[in-house]
Amino acid sequence: MSILFVLVPVTLALVAAAAWALFWAVDNGQFDDLDRPAWEAIRDEEIDRAPTRSPGAERKDD
Amino acid sequence: MTATVSVQEDETTCEAAVELCFHCSEPLAGSKITARINGRDEPVCCHGCRAVAELIADAGLGDYYRFRTAAAARPDSSAIEEDAWAAYAQPEVAAQFTRQSGELDSVTLEIDGLRCAACSWLIDHMLQSLGGVTESSTNASTGRAHVAWRRKDLTLADILRAVARLGYRPYPLGDLAASRSRRRERHDALKRLAIAGFGMMQVMMFAVAEYSASLSGEVIEGTLSSFFRIVSLLVTTPVLFYAGAPILSGAWRNVRARTIGMDVPVSLALILAYAAGVWTTLSGSSGNVYFDSVTMFVFFLTLGRYVQMSVRHRTTEVTGALARQLPSYAHRVDGSSIEDVPVTALTPGNIVLIRPGETLPADGEIIEGDTSINEAMLTGESAPVHRSVGQTVAAGTLNVGSPTYIRVNATASDTIISHIVRLLHRAQTQKPAIARSADKAASRFLRYVLLASAATAGAWWVIDPSRAFEATLAVLVVACPCAFAIATPAAISAAAAHLARLGILITRLDALEALTRIDRIVFDKTGTLTEGNIVVARCEPIGHLDENTCCRIAAALELASEHPLARAFAQIGVDERAEHVRTVPGAGVEGIVEGRRYRIGTPEFVAALHGGATTLEQAPPRGTVVVLGDEQGVLARFELRDTPRPNAGAAVASLRAMNIEPQILSGDAEAPVAALAKHVGIDEHFARRSPQDKLAHVQQLQAAGHRVAVVGDGVNDGPVLASADISIAMGSGTALAQASADMVLVGTKLDAIPRAVALARRTTRIARQNMIWAAVYNFGALPLAALGFVPPWLAALGMSLSSIAVVLNATRLLPARSRVRAAEVSP
């Protein structure tokens, strides 16, 4: 069972890395809008039709 | 230093281990600055705090420090000293945020740093002490304030400055900075949730090992076991002190202010359990470590707060989304050239080009183009509607058709969308009575919780000291009435957001409850059951004047009137305006055109001017009849026609299915009213009612024990609307600006009314479920915990899940899309 004395600290390190990654993601706004980006990919043609302003662009900061 | 220690002691708490700032409760960190408060020198951490604290004391508002339940935010001294608000003194800038009515300006502010009810008290009193502020209502739960002031005395800059001097940061709505602060709040909450979640999983891993070992009768080897405990301690520490920081600091503020809040028993339990765990771990004894309970409890509390925050943000976002619909640039057409100008530079009369896919920057009339407009933001109707030359379009709607030119007739804060947003904000800044009483009940209950846990500790100490600790812990945790306190507000705010989506705006949250009880609904006719697009179907000159002249005079008179019938004449188009115009509600308009006195309106009204008979009973008219006359006699007879709203029949049928009996109450003649009543399926109709008659009718119904809702256009039906149990105004620009109604129907869809009633009934049902659930849980679990049947981890789970259940139950009231988002955070 002494392997646990190595593995447990390893998991802790992994958790710390995961927490850091999540903090980074949150700060970069990855969780700001969970609905809209999913639709972004299939909206290309709409952007072509209206090159000046895509509706909803104003909402980005919310 | 010695002098300040004694102050600290009698001011707040005796265990002043670390000296804290009098104002913001941050550690003094060696600061020697003091503020002169009520003749005493109080320690403060910075010049900013000193300025704010002295300002508060000098204004005689020192009570704030006694009543607040949360420490103040540390003021940014640069924000106080520099004047960042001068720009808002300019009328053009202020006009983007304020609404003018009469001699008053009003604004809705989002206030950063607003932490408890005492803060809102402080802000309200400070604002009201400024000469010229007529109304100020600050809501601590939404962080919003609604302020109205006399324009000649103050500017928006003065209001903002006053709030900023208190150490808060005001954002007049319309500023993106507000949504940025909301975003920061969400980021913080997510990080805390993540830390609590990760920590809980780690600690649970070791706890499960211990539990399963002890279940199968084995023992984990000593060194390994203490290694597990030390690792658990390492993981639990950040969970408690980072993720749990809002809970602990909330409790600390409560203790300092000598009040009891939700956080007190929770924090007490957390700290006791953690301390016991630390002691067991470090002393190496075989006692229980409660790290699993602590992390789980913190995780679920954080989760509950996160869900609650999401619902709150979602509610404000519905309104924020409306506000942000306005683009910041518009293509203004000057002769042959097109230039891009800021929306704020647009003035009524400007011609603006709107390309496909663009949002309309201002309200206006189409002068060239034939297009489709998506008005979902206003009406909730997602199918685009066809609009062509001469029709009006609203700011914030989306042009999905072809390039269109409009002539601007209202910009910025005059636009329909701004009115809507303001109404919603006002509704949100008021706390409904029912939520206030829940708050009070919860805080009374909290005292009993603390007493009960003390009693439990005492009793177990006598019976079995070894179980006293766990039982007390369980009572503290299990009995926290969090679910009880959020049961109703959660349901109501979710419902308000849903209603906004349906196209109904609530201006008073109490209205929702009243809506569930109505059993009579009284409709006005014109503009309510009908579209209100009235046209002059026939003009029949009777006197010596020809048809054209009659129409011209009629139009000149009606130009000044807001009555829906008057708009029929607007299409005639005249240059002159009547003078000395006097409007008699329910009768007509009197005025002087080209030196002669005319009246237009009901036959009786006109007859009263010339003293003749009200003759002209000819073939029963198919539409509404309006008569024009002068002092000599009747000049012409106009027949006006209107079309019923397409969904009026369906709305009436569903209302009846809900046991709400509809009636029509109209100032119009019998024939058109009866025809409409038959068309939409209403049995009871009352024609030729003046506003006084209408008022009497509604009061009569109420005297007979009925609860009456009145649906009207909000302008001509003011008194009737005010007398009703629930008033619903049909949303047009004027009605919105009046905002005396409890609810405003923004779209044209009358069937939103039955849907609102259904939703209101569901809301009360869900609020009641929540209350019952919270009460059953609290009163049921408390004795079990006191008797020692509930281990601390189960108590933590139960308490947290009861709160989350309440909030999730309330999210059922949210419109479909938001429900998805709330469900994403559920475990």
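Student: So helices are DSSP runs of H or I with at least four residues, strands are runs of E with at least two, and both are numbered from the N terminus. How many helices and strands does chain B have?

Tutor: Chain B has 30 helices and 29 strands. Keep in mind that this is a predicted model, where local features need pLDDT of at least 70, side-chain atom pairs count only at pLDDT 80 or more, and totals for chains, interfaces and linings use all residues. Residues are numbered from 1 along each chain as its sequence is written, while chains are lettered from A and ligands numbered from 1 in the order in which they are written.

Student: And chain A? How many helices and strands there?

Tutor: Chain A has 3 helices and 0 strands. Along the sequence, its pattern reads α-α-α.

Student: What's pLDDT, and what does chain A average?

Tutor: pLDDT is the predictor's confidence in each residue, from 0 to 100. Chain A averages 67, and 48% of its residues score at least 70.

Student: Where in chain A is confidence highest, and where lowest?

Tutor: Helix 1 (residues 4–27) of chain A is highest, at a mean of 92. Helix 3 (residues 44–49) of chain A is lowest, at 39. Over residues 43–62 of chain A, pLDDT stays under 50. The model has 25 contacts beyond four places in sequence for that stretch. A contact means two C-beta atoms, placed from the backbone, within 7 Å.

Student: How much of each chain counts as buried?

Tutor: Buried means 20 or more other C-beta atoms within 10 Å of a residue's own; exposed means 12 or fewer, and partly exposed is in between, with C-beta atoms placed from the backbone. In chain B, 50% of the 827 residues are buried. In chain A, 0% of the 62 residues are.

Student: Back to chain B. Is helix 20 largely enclosed or open?

Tutor: Helix 20 of chain B is largely enclosed by the rest of the structure, because 9 of its 12 residues are buried. Among them are B:Cys550, B:Cys551, B:Arg552 and B:Glu558.

Student: How far does helix 20 reach?

Tutor: Helix 20 (residues 547–558) of chain B reaches 16 Å from its first C-alpha to its last, close to the 16 Å expected. The expected span is 1.5 Å times one less than the number of residues. Helix 2 (residues 47–58) of chain B also has 12 residues and reaches 16 Å. Its buried residues include B:Gly48, B:Cys49 and B:Arg50.

Student: What follows helix 2?

Tutor: B:Gly60 follows helix 2 of chain B, with a positive phi near 75°.

Student: Where do they sit?

Tutor: B:Glu594 is in the loop between strand 21 (588–593) and strand 22 (596–601) of chain B. It is exposed, with 12 other C-beta atoms within 10 Å. B:Asn659 is in the loop between helix 23 (648–657) and strand 25 (661–665) of chain B. It is exposed too, with 8 such atoms.

Student: New topic: helix packing. At what angle do helices 16 and 28 of chain B cross?

Tutor: Helix 16 (residues 465–478) and helix 28 (residues 752–786) of chain B cross at roughly 170°, and their axes come within 8 Å. That makes them roughly antiparallel. Angles over 145 degrees get that label; under 35 is roughly parallel, 65 to 115 roughly perpendicular and the rest oblique. Axes are lines fitted to C-alpha atoms, for helices over the stretch in contact, and angles run from 0 to 180 degrees between N-to-C directions.

Student: Which residues make that contact?

Tutor: Helix 16 of chain B gives B:Ala471, B:Ala474, B:Val475 and B:Val478. Helix 28 of chain B gives B:Ala781, B:Leu782, B:Ala785 and B:Ala786. By class, that is 8 nonpolar, no polar and no charged. Nonpolar covers Ala, Val, Leu, Ile, Met, Phe, Trp, Tyr, Cys and Pro; charged covers Asp, Glu, Lys and Arg; the others, Gly among them, are polar.

Student: How do helices 28 and 29 of chain B pack?

Tutor: Helix 28 and helix 29 (residues 792–811) of chain B pack at about 175°, with axes 9 Å apart. They are roughly antiparallel. Their contact includes B:Trp773 and B:Tyr777 of helix 28 and B:Gly798 and B:Ser802 of helix 29. It has 10 nonpolar, 5 polar and no charged residues.
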